[in-house]
Amino acid sequence: VQLQASGGGLVQAGDSLRLSCAASGGSFGSAVIAWFRQAPGKEREFVSVIQWYNGRTLYSDSVKGRFTISRDRAKNTVYLQMNSLKPEDTAVYYCAADLTYNVDRSTWSQSGTYDYWGQGTLVTVSS
């Protein structure tokens, strides 16, 4: 399984950005695909996740209402639309996937749930 994250860049506070995670090499019918982020000097934190077959989503409190996760099944791609960006959103954003059937929703926000990780894309938000 390969995950290719893209779309990062340098933006100003209040701007929007859309990240993409292109997935290949596996069967994603039962997958959950998530976004995590890691700011300099901080631990990796959960951002959002989507269940591939039914589109169920989960967001961290810090991004709820500003970020939207979606997927395009025809393109095997997951998107993270980020609006009203803040300097504290600055981080390397990683997409991750778990292909296990019926992953318990209570584990969706835990990094240990995910077996496959993309290379990360840097988002920098200036004030």
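Is Asn 76 buried, partly exposed or exposed? At 24% relative accessibility, Asn 76 counts as partly exposed. The cut-offs use a 1.4 Å probe and protein chains only: buried is under 20% relative accessible area, exposed is over 50%, and partly exposed is in between.

This is a predicted model, in which local features need pLDDT of at least 70, side-chain atom pairs count only at pLDDT 80 or more, and totals for chains, interfaces and linings use all residues. Residues are numbered from 1 along each chain as its sequence is written, and side-chain values use heavy atoms, with hydrogens and water left out.

View A. Strands β7 (residues 67–72) and β8 (residues 77–82) pair in the antiparallel sense over 6 bridges. Strands are DSSP runs of E with at least two residues, helices are runs of H or I with at least four, and numbering starts from the N terminus. Two strands pair if DSSP finds at least two bridges between them. Phe 67 has Met 82 of β8 as its bridge partner. The hairpin has 4 residues between its strands. Asn 76 lies in that loop. Its phi is positive, about 50°, although Asn 76 is not a glycine.

View B. Ser 84 lies in the loop between β8 and β9 (91–98). Ser 84 is not a glycine, yet has a positive phi of about 50°. With 41% relative accessibility, Ser 84 counts as partly exposed.

**View C. An open sheet.** Four strands are ordered β1-β3-β8-β7, with antiparallel pairing. The edges are β1 (2–6) and β7; each has a single partner strand, so one side of each is left without a neighbour in the sheet. Neighbouring strands are turned by 15° against each other on average, direction ignored. For such angles, axes are lines fitted to C-alpha atoms (for helices, over the stretch in contact), and values run from 0 to 180 degrees between N-to-C directions.

**View D. The disulfide.** A search of the whole structure finds 1 disulfide, defined as a pair of cysteine sulfur atoms within 2.5 Å. Cys 21 and Cys 95 form it, with sulfur atoms 2.2 Å apart. The link joins distant parts of the chain: Cys 21 is in β3 (residues 17–24) and Cys 95 in β9, 74 residues apart. The angle about the S-S bond is 75°, and the link is right-handed. Cys 21 is buried at 1% relative accessibility. Cys 95 is buried too, at 0%.

**View E. An aromatic cluster.** Ring pairs link Phe 36, Phe 46, Tyr 114 and Trp 117. Rings of Phe, Tyr and Trp (its six-membered ring) pair if their centres lie within 6.5 Å; planes under 30 degrees apart are stacked, over 60 edge-to-face, and the rest tilted. Phe 36 is buried, with a relative accessible area of 1%. Phe 36 and Tyr 114 have ring centres 5.5 Å apart and planes at 75°, so this pair is edge-to-face. Tyr 114 sits in the loop between β9 and β10 (116–117), 78 residues from Phe 36 in β4. Tyr 114 is buried at 5%, and Phe 46 at 11%.

**View F. Charges over rings.** The charged end of Arg 18 sits over the ring of Tyr 79, 4.1 Å from its centre. Arg 44 lies over the face of Trp 117, at 4.6 Å from the ring centre. The rule asks for NZ of Lys or CZ of Arg within 6 Å of the ring centre and within 35 degrees of the ring normal.
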